[in-house]
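The sequence and structure come first.

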Amino acid sequence: MDALTDVVQLLRPKTVLMGSMVAYGGWGVQVPSQPGPMLYFIMEGSTLFRADKGETMQLETGDFILSGNPVADTFFSHSGQEIVLSDEEFKARNSVDGEVQVGRAELGNPTRIIGGCILCDPTNGELLSELLPTLVRVSAEEGIGARLGNLISYIRDEATNSRAGSDLILSRLLEVLLIETLRREASKLPNPGMLRGLSDPQLARAISDIHSDVRRGWTVAELAQRAGMSRSAFAKKFSAAVGLAPVEYLLRWRMAIAKDTLRHGRGSLEEIAEKVGYRSASAFSTAFSQRVGCPPSEFARMASLA
């Protein structure tokens with residue numbers, strides 16, 4: 001899954017805003033729309049959960065949720081419960097010792113949920129939206145559930161305690177969390193995308209080859225041979241699973257690397273061109289302008305202002 005690691009690292013997940021809520025009795029809370037994917041972990045008790053326009057599901061202690069499009073994620077104790085928006089005013093009004101508290105302890109057993117928003121670099125934001133399923137649920141009964149729970153505990157600790165090196169540790173923990181979650185979902189996705197391709201051993205070999213040597217002028221015939229398939233069968237299978245022709249995938253990945261390099265100011269135009277497989281800066285600039293919609297210099301300038 002080296003290609004998946006490449007993509008997650010390019011997304012640069014560095015910051016997660018962690019919060020905790022404990023609820024008693026009858027309650028319902030909606031999370032405001034968020035700028036990035038949300039993660040939730042049920043630390044104690046049980047809850048019903050519904051993503052925007054999605055089905056209601058029961059969550060138990062130890063269950064984990066990754067919400068790829070957190071527009072109106074809602075937690076509630078039972079059907080028909082009044083739902084309250086958990087905005088900043090609500091949090092301030094109901095905060096007790098740094099935790100949002102809903103209801104009173106004498107009303108019954110607590111349900112405790114921790115959550116956070118993963119903020120990624122916007123340069124290649126479309127890669128994130130294509131990678132992430134709308135919703136991932138990992139049950140505590142699965143082996144990976146405990147592993148994810150430990151990761152989230154470490155993430156919460158690093159996010160809430162300022163220590164030397166916390167930013168670096170936090171970014172690495174988030175990378176691992178995303179990779180663990182995404183590779184679990186690879187074979188389950190109904191829509192074409194890189195994850196679907198990585199779930200097939202033959203296509204995964206071709207995708208990994210592209211990522212390991214992006215400067216090479218890969219042909220469909222070469223990739224098919226390395227995947228152990230005929231050219232026509234490989235091209236058809238790759239396009240159906242990934243949603244792009246093999247060479248188109250190569251060109252798109254080149255542009256993703258180029259955008260990241262331009263945004264973060266590393267290297268001259270000639271060096272970037274060589275890095276992503278173009279023989280000259282002019283050839284790279286032409287290709288970049290055609291695919292991104294502006295010259296590399298303009299993209300770098302706009303990125304620096306963002």
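The model is predicted, with local features needing pLDDT of at least 70 and side-chain atom pairs pLDDT 80 or more, while totals for chains, interfaces and linings use all residues. Residues are numbered from 1 along each chain as its sequence is written, and side-chain values use heavy atoms, leaving out hydrogens and water.

Helices (H or I, at least four residues) and strands (E, at least two) are DSSP runs numbered from the N terminus. Axes are lines fitted to C-alpha atoms, for helices over the stretch in contact, and angles run from 0 to 180 degrees between N-to-C directions.

| Helix pair | Angle | Axis separation |
|---|---|---|
| Helix 4 (residues 143-160) and helix 5 (residues 166-185) | about 155 degrees | 10 Å |
| Helix 7 (residues 201-212) and helix 8 (residues 220-227) | roughly 130 degrees | within 8 Å |
| Helix 10 (residues 246-263) and helix 13 (residues 296-305) | about 55 degrees | 8 Å |

Angles under 35 degrees count as roughly parallel, over 145 as roughly antiparallel, 65 to 115 as roughly perpendicular and the rest as oblique. Helix 4 and helix 5 are therefore roughly antiparallel. Helix 7 is oblique to helix 8, and helix 10 is oblique to helix 13.

A crossing is left-handed if the near helix is turned anticlockwise from the far one by less than a right angle, and right-handed if clockwise. Helix 4 crosses helix 5 in the left-handed sense. Their contact (heavy atoms within 4.5 Å) includes Ile 144, Leu 148 and Leu 151 of helix 4, and Ile 169, Leu 173 and Leu 177 of helix 5. By class, its residues are 12 nonpolar, two polar and five charged. Here Ala, Val, Leu, Ile, Met, Phe, Trp, Tyr, Cys and Pro count as nonpolar, Asp, Glu, Lys and Arg as charged, and the others, Gly among them, as polar.

The crossing of helix 7 and helix 8 is right-handed. On the helix 7 side the contact is made by Gln 202, Arg 205, Ala 206, Asp 209 and Ile 210, which meet Leu 223, Arg 226 and Ala 227 of helix 8. Four of these residues are nonpolar, one is polar and three are charged.

Helix 10 also passes helix 13 in a right-handed crossing. Lys 259, Leu 262 and Arg 263 of helix 10 meet Pro 296, Phe 299, Ala 300 and Ala 303 of helix 13. This contact has five nonpolar residues, no polar ones and two charged ones.

The largest pocket holds about 510 Å³ of space. Its lining comprises 25 residues, with Gly 19, Ser 20, Ser 86, Lys 91 and Gly 115 nearest the centre. Strand 1 (15-23), strand 3 (38-44), helix 2 (88-94), strand 10 (99-102) and strand 11 (111-119) each give two or more residues to the lining. The lining divides into 13 nonpolar, eight polar and four charged residues. On a 1 Å grid over the protein atoms alone, a pocket is an open set of points where a 1.4 Å probe fits, with protein on both sides within 12 Å along at least five of seven lines; lining residues have an atom within 4 Å of a point. Grid points are joined across faces, edges and corners, and a volume is the space filled by probe spheres set on the points.

Most residues other than glycine have a negative phi. Arg 12, in the loop between helix 1 (2-11) and strand 1, has a positive phi near 50 degrees. Asp 97, in the loop between strand 9 (95-96) and strand 10, has a positive phi of about 55 degrees.
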